[in-house]
Amino acid sequence: MSRRSGILEFAVLGLLRESPMHGYELRKRLNTSLGIFRAFSYGTLYPCLKTLVASGWLIEEPAGVPADTTPAAGRSATPSSSLTGRRAKIVYRLTAEGKEHFEELLSHTGPDAWEDEHFAARFAFFGQTEREVRMRVLEGRRSRLEERLEKMRASLARTRERLDDYTLELQRHGMESVEREVRWLNELIESERSGRDRRRSSPEGSAQQDTPGETGGLPRHRDNTRPDPSDDTAK
């Protein structure tokens, strides 16, 4: 499986965890909610859906089928035809196995979760992610960008004299984009830590567990300079 297809499968499972959808709805949500999928096509989406169905993580059913008539995991319902002879829309629903698989993916915090495209997808589902996992992903992403920023600065110092003004500005623009995302990550990490500390210091905090959907209170921004994690200028 390629990294790109793995990210798409993760995003599809995450969206279908929220509610069942047909292909058009899925593509629209992927386009509008996750910028990294702005240009992908049905020719990319439907093979992904077929793979997830074959894995037992999704089922296909005609639109309007009640939940208690859902076929067994991994099986596809036979779509009925309308009076006009048109094929019924197929709705994709997450199975219990698919939900378990998605939750397992959410718990992963390795280097892939820090890369540009995968981080953007992971961040989109932070509302469903445990607090400690969010912290590890944010800190890993920050570390990765700080390494990138150090290399960019070293490269610029070596080549500054050989660059024309426009290329130099482009290099500076890239560095500023990375610096801006590092500042944003610092704010997010501090907010997560503050929220965790408030819970621990509260009288009933010791009896409570962090659950998906809890946030440390996202930082308020005075302007619109918060970076898009999928912005190519930050790569």
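## Polar contacts of Glu60

The side chains of Glu60 and Tyr92 are joined by a polar contact of 3.4 Å, a polar contact being a pair of N or O atoms within 3.5 Å in which, within protein, one atom must be able to donate a hydrogen and the other to accept it, residues adjacent in sequence counting only if both atoms are side-chain atoms. The side chain of Glu60 also makes a polar contact with that of Lys50, at 2.8 Å. Glu60 is found in strand S2 (residues 58-62), and it counts as buried because its relative accessibility is 8%; buried means under 20% relative accessible area, exposed over 50% and partly exposed in between, with a 1.4 Å probe and protein chains only.

## Basis of the model

The model is predicted, and local features need pLDDT of at least 70, side-chain atom pairs count only at pLDDT 80 or more, while totals for chains, interfaces and linings use all residues. Residues are numbered from 1 along each chain as its sequence is written, and side-chain values use heavy atoms, with hydrogens and water left out.

## Overall fold

The protein chain comes to 7 helices and 3 strands, where helices (H or I, at least four residues) and strands (E, at least two) are DSSP runs numbered from the N terminus. From the N terminus on, the order of the elements is α-β-α-α-β-β-α-α-α-α. Of the 235 residues, 40% count as buried.

In helix H2 (residues 23-33), the buried residues are Gly23, Leu26 and Leu30. Seen down the axis of H2, these buried residues fall within an arc of 65° (taken over the directions from the helix axis to the C-beta atoms), so they line one face of the helix.

H2 packs with helix H3 (residues 42-54) at an angle of about 115°, their axes being 11 Å apart; axes are lines fitted to C-alpha atoms, for helices over the stretch in contact, and angles run from 0 to 180 degrees between N-to-C directions. Gly23, Tyr24, Leu26, Arg27 and Leu30 of H2 make the contact with Tyr42, Leu45, Tyr46 and Leu49 of H3, contact meaning heavy atoms within 4.5 Å.

## Aromatic pairs

The whole structure holds 6 aromatic pairs, for which rings of Phe, Tyr and Trp (its six-membered ring) must have centres within 6.5 Å, with planes under 30 degrees apart counted as stacked, over 60 as edge-to-face and the rest as tilted. The rings of Phe102 and Phe125 have centres 5.8 Å apart and planes at 80°, so this pair is edge-to-face. Phe102 lies in helix H4 (residues 96-106) and Phe125 in the loop between helix H5 (116-124) and helix H6 (131-159), 23 residues apart.
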